[in-house]
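Student: Could we go through this structure together? I would like to begin with the overall layout and then move to particular residues.

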Amino acid sequence: MGKGFFEVPTAINEPVKGYAPGSPERAEVLKQYEEFYNQQIDIPMFIGGKEVRTANKRPLSPPHDHQHQVGEYSLATEELVDKAISNALESRSKWASMRWEQRAAIFLKAAELIAGPYRAKINAATMIAQSKTIHQAEIDAACELIDFLRFNVEYMSQIYAEQPDSAEGIWNRVEYRPLEGFVYAITPFNFTAIAGNLPASAAMMGNVVLWKPSDSQIYSAKVIVDVFKAAGLPDGVINVVYGDPVMVTDKALGHADFSGLHFTGSTDIFKKLWKQIGNNIDVYKTYPRIVGETGGKDFILAHPSAPAQQVATAISRGAFEFQGQKCSAASRVYLPASKADEILASVKADIESFNPPGSPADMSNFITAVIHEGSFDKLASYIDGAKSDSNAEIVAGGNYDKSKGYFIEPTVIKTTDPHYVTMETELFGPVVTVYVYQDEDWSSVLKLVDTTSIYALTGAVLSQDRYAIEEATTALENSAGNFYINDKPTGAVVGQQPFGGARASGTNDKAGSAQNLLRWVSPRLIKETFVTPEDYRYPFLGK
Ligand code: NAD
């Protein structure tokens, strides 16, 4: 602590801008998009605060226009990963001992830079890199990242204020030390906010970080790096490398000073990393913290009492926004027989009202491209499977085309088998599968929902019947880490709905909460005794 018990500014959620026709923010982001889209950028890695480029490069292309190149990025060598780790460790002692209010100021400044001068840049970069519509970019890259930074500063100050009681004659204090070593952050493509938050939350608590972004998010990761630099983050605190994830990971997890993994991505990769850490346990100086938020097979369950139009809207928004590539996106739906036809007709009408999938630069598009060819091909094969399988049918959408962009039409599969492959497998695209149950089977459907998937990330129940809501809330206690009543299962807001799931969906350390930040500190208890005893004899020993 410095020379005052400082209070941080009260965190508030960043208001979401509308981007309506004629608005200044719309003109600004479109101008920035055009500029980025028509330039060629050579994106460097950032090691010890320096821009590092190599001869080994990969092109960058928007998923909605894959033949158009917007630049390239460099791939790391083993030596550069070693250098990034040693730069992090060299920066550690200065960063770890910096007063917390200085660290707070850097990240609060980063939040304000994104809210102001970098807003159009980070949104346009996210539209290009990840094919987000402006609304999806705004709620992610601008607002959610700003919220992570502001709220985490507030939670950090609350953690530091949390102190033990002291009995008479002694003073107990706890200091929240950063981990002894470096934190390795591996981030997914789908949220620019997560990409920024995973390295930043650990760094905010005084840690030094090696960050490996997803190959499909590098264009917007570059803007995050620019923001951190502009906010005054000292060199070497966050070191960014791109390239072969296995090579980078082998280097990081094989290092004696590896002290924590902050991962978001798919379940299989996380399980592999956990095993690798276990196998290397004798190498490490400390037991590494392992935080991973992973896959999902998120459900919408409609009770017979739920209004059809509300269920249909929860599906159309919850399953298809950002092409279903939110970890929270609804991908399995359970509808009562008495309402299924009405609900599905309404979802079909919604889908038919969307423009065909296209570029986010055309702001009338609700659906754009999926992230890459691998994802496109996987989704197309599941759609083809549903077309030929006798226990499944396509009731809406079902078309796809990758000639210009990786475009998959929002698709609804209806199955008679509650364990049909697309009811259980995470597809990560705009494909939702529906199972229709008999109204009187409501209670057994709850069991089905609970036991169908290995995941437990998000889920939504829609009902007008309070007994049914109570029954579902109890029966599905372990089926979702984020449970929604009469809403869609997506759209968690930092500071309001801390996010994370259990079972195969992750360690549930709730991104954007004090619980997450606590994983990046190792408390030291200091007990000070004011009048120190000088005789070992306790009173009971008296004659
Ligand atoms: P992904 O698992 O393909 O990649 C995530 C990161 O892991 C990337 O940086 C990638 O380069 C890296 N990676 C890939 N192979 C690796 C390896 N062998 N060793 C180490 N790192 C490796 O995931 P993605 O496609 O970027 O993101 C989608 C996945 O993320 C989905 O499963 C989704 O559910 C999940 N997700 C979960 C949450 C959550 O909060 N639970 C949030 C966002 C995304």
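Tutor: The centres of domain 1 and domain 2, taken over C-alpha atoms, are separated by 32 Å. The domain bounds come from an automatic or database domain assignment. This is a predicted model, in which local features need pLDDT of at least 70 and side-chain atom pairs count only at pLDDT 80 or more, while totals for chains, interfaces and linings use all residues. Residues are numbered from 1 along each chain as its sequence is written, and side-chain values use heavy atoms, with hydrogens and water left out.

Student: Which residues make up domain 1 and domain 2?

Tutor: Domain 1 comprises 24-57 + 75-294 + 506-524, and domain 2 covers 298-485. Their contact takes 21 residues from domain 1 and 21 residues from domain 2, where contact means heavy atoms within 4.5 Å.

Student: Now the helices. At what angle do the axes of α1 and α4 cross?

Tutor: The axes of α1 (residues 24-37) and α4 (residues 119-130) cross at roughly 55° and come within 9 Å. Helices here are DSSP runs (H or I, at least four residues) and strands likewise (E, at least two), numbered from the N terminus. Axes are lines fitted to C-alpha atoms, for helices over the stretch in contact, with angles from 0 to 180 degrees between N-to-C directions.

Student: Changing topic: is Tyr19 buried or exposed?

Tutor: Tyr19 counts as buried, at 5% relative accessibility. Buried means under 20% relative accessible area, exposed over 50%, and partly exposed in between (1.4 Å probe, protein chains only). Tyr19 lies in the segment before α1, and its phi is near 55°, a positive value in a residue other than glycine.

Student: What about the phi of Arg503?

Tutor: Phi of Arg503 is near 45°, which is also positive in a residue other than glycine. Arg503 belongs to strand β22 (residues 502-503) and is partly exposed, with a relative accessible area of 39%.

Student: Lastly, where is Ser214, and what does it touch?

Tutor: Ser214 sits in the loop between β8 (208-212) and α7 (218-230). Not counting residues up to four places away in sequence, Ser214 touches Thr187, Pro188 and Phe189. Ser214 is buried, with a relative accessible area of 13%.
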